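Here is a short briefing on a single structure. Keep the sequence and the 3D view open while reading.

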Amino acid sequence: MAKTLRKKPSSAPPADPMPRRIEPCVATLVDKPPKGPEWAFEVKWDGYRLAIHVERGEVSAITRGGYDWTKKFASIVAEARELGHASMILDGEAVVLDDQGRSDFGLLQRAIGKKPSLHEPSEIIFYAFDLLYLDGDDLRSLPLAERRRRLEPIVAGRTGAIRFSEEVHADGADFFRAACELGLEGIIAKRRDAPYRSGRRPEWLKIKCVRRDTFAIVGYEPSTMPGAIGRLLLAARKGDDLVYVGGCGTGWSNQESVMLRELLNAIPADRPAVALKRKGAVFARPLLVAEIEYRAWTQDGKLRHPSFKAVREMNGLVEVCELDDR
């Protein structure tokens, strides 16, 4: 039964205390879209997952890992103050759009980084797709359809830093095919009747056109070209541990290969971070992550056809791929 929200005078204490942090609901990776009217579909945004907290005029932007990155998203924070509610928690994704209107993680990373970029932090957009708390009421027990119904009048129609992540009314397979043809990362499917539950859930599904995840770099194999890298050695998370998932030997330029080797040589490891014996390998502390594009997983838990896309420092905004994502 849907929860009935109680109207209260402004001086009354909130019916439900506002949570300091809500661990986000995380979609489970599957190979194809589900079927049935109980599923709603959205674009899969390629950015940083954020929760926007508004309380007594103060606004904060909390990352998926629980870090406060309010200063990184000043334009989003400023607009959240104008949404007309005393307290709320919005769940969504911060992105930067390319010239074709597609979210691009690399553009976002550069926009909030210290290096010069063609994109300013003011270009970052927050696409809100869920409403978890509003004016004293915790909405997580409500079905997704009801939470979205309450979210829509707050953010729909806005064209600034905060926008509404629209539901796409289409067959899942048709939408997925169109998304891939447009060069999008993929789509998200969510059960309309499901409450909001933290952690990786089967009520939210992600279907990727080409899989793309971040992996810890635990070392490299030298190239025959002096000063360069032949293969990066990669690991994913399994619980609190790192597990070797294979090597990647393509996707970089000669200049990037030399740069990667210099970065890894600067953080040598006394012992490998994973259970791996490889003759000639140079092991590094897992302080850097590689963004890798790949087609699938092999039966023995290795990446199939991996290609390097970018390297980043491990921080609160970077989530190393978990083996549960396979």
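Glu55 has Ser87 in strand 5 as its bridge partner. This is one detail of a predicted model. Strand 3 and strand 5 run antiparallel, joined by eight bridges.

**Strand 3 and its partners**
- Strand 3 also pairs with strand 4, again in the antiparallel sense, over six bridges.
- Within that pairing, Ile52 is bridged to Ala61 of strand 4.
- Two residues sit between the strands in the hairpin of strand 3 and strand 4. There, Arg56 takes a positive phi near 55°.
- Is strand 3 mostly covered or mostly open? It is mostly covered, with seven of its eight residues buried.

**Nonpolar cores**
- The largest nonpolar core has 34 residues. Ile52, Phe73, Ile76 and Ile124 touch the most other members.
- A second, separate core holds 23 residues, including Leu232, Leu260, Trp297 and Leu303.
- Which residues does Ile76 contact, leaving aside neighbours within four places in sequence? They are Ile52, Ala94, Ile124, Ile125, Phe126, Ala161 and Ile162.
- In soluble globular proteins, nonpolar side chains tend to be buried together.

**Cavities**
- The structure holds two cavities of 30 Å³ or more.
- The second largest cavity contains about 90 Å³ of space.
- Its lining has 14 residues. Ile22, Pro24, Leu50, Ala51 and Asp91 are the closest to its centre.
- Strand 3, strand 4 and strand 5 each give two or more residues to this lining. The largest share, four residues, comes from strand 3.
- By class, the lining of the second largest cavity has eight nonpolar, two polar and four charged residues.

- Asp91 is placed in strand 5. Its relative accessibility is 3%, under the 20% cut-off, so Asp91 counts as buried.
- Asp91 touches Arg49, Leu50, Phe126, Tyr127, Ala128, Phe129, Asp130, Leu132, Tyr196 and Trp204, not counting residues up to four places away in sequence.
- Cys25 lies 66 residues from Asp91 along the chain. Their C-alpha atoms are separated by 9.4 Å.
- Arg147 belongs to helix 3. Arg147 is buried because its relative accessible area is 0%, under the 20% limit.
- Not counting residues up to four places away in sequence, Arg147 touches Asp130, Leu131, Leu139, Arg140, Leu142, Ala194, Pro195, Tyr196 and Trp204.

**Positive phi in loops**
- Asp135 is not a glycine, yet it has a positive phi of about 45°. Asp135 lies in the loop between strand 6 and strand 7 (137–138).
- Why is Asp135 classed as partly exposed? Its relative accessible area is 32%, which falls between the 20% and 50% cut-offs.
- His305 sits in the loop between strand 17 (303–304) and strand 18 (307–313). Phi of His305 is near 55°, a positive value in a residue other than glycine.
- His305 has 59% relative accessibility, over the 50% cut-off, so it counts as exposed.

Technical notes:
Residues numbered from 1 in each chain as written. Predicted model: local features only at pLDDT ≥ 70, side-chain atom pairs only at ≥ 80, totals over all residues. Heavy atoms only, no water. Core = buried A, V, L, I, M, F, W, Y, C linked by side-chain atoms within 4.5 Å. Buried < 20%, exposed > 50% of the residue type's maximum accessible area, 1.4 Å probe, protein only. Contact = heavy atoms within 4.5 Å. 1 Å grid on protein atoms, 1.4 Å probe; cavity = no way out; pocket = protein on both sides within 12 Å on 5 of 7 lines; lining within 4 Å. Points joined across faces, edges and corners; volume = space filled by probe spheres on them. Nonpolar A, V, L, I, M, F, W, Y, C, P; charged D, E, K, R; others polar. Pairing = 2+ DSSP bridges.
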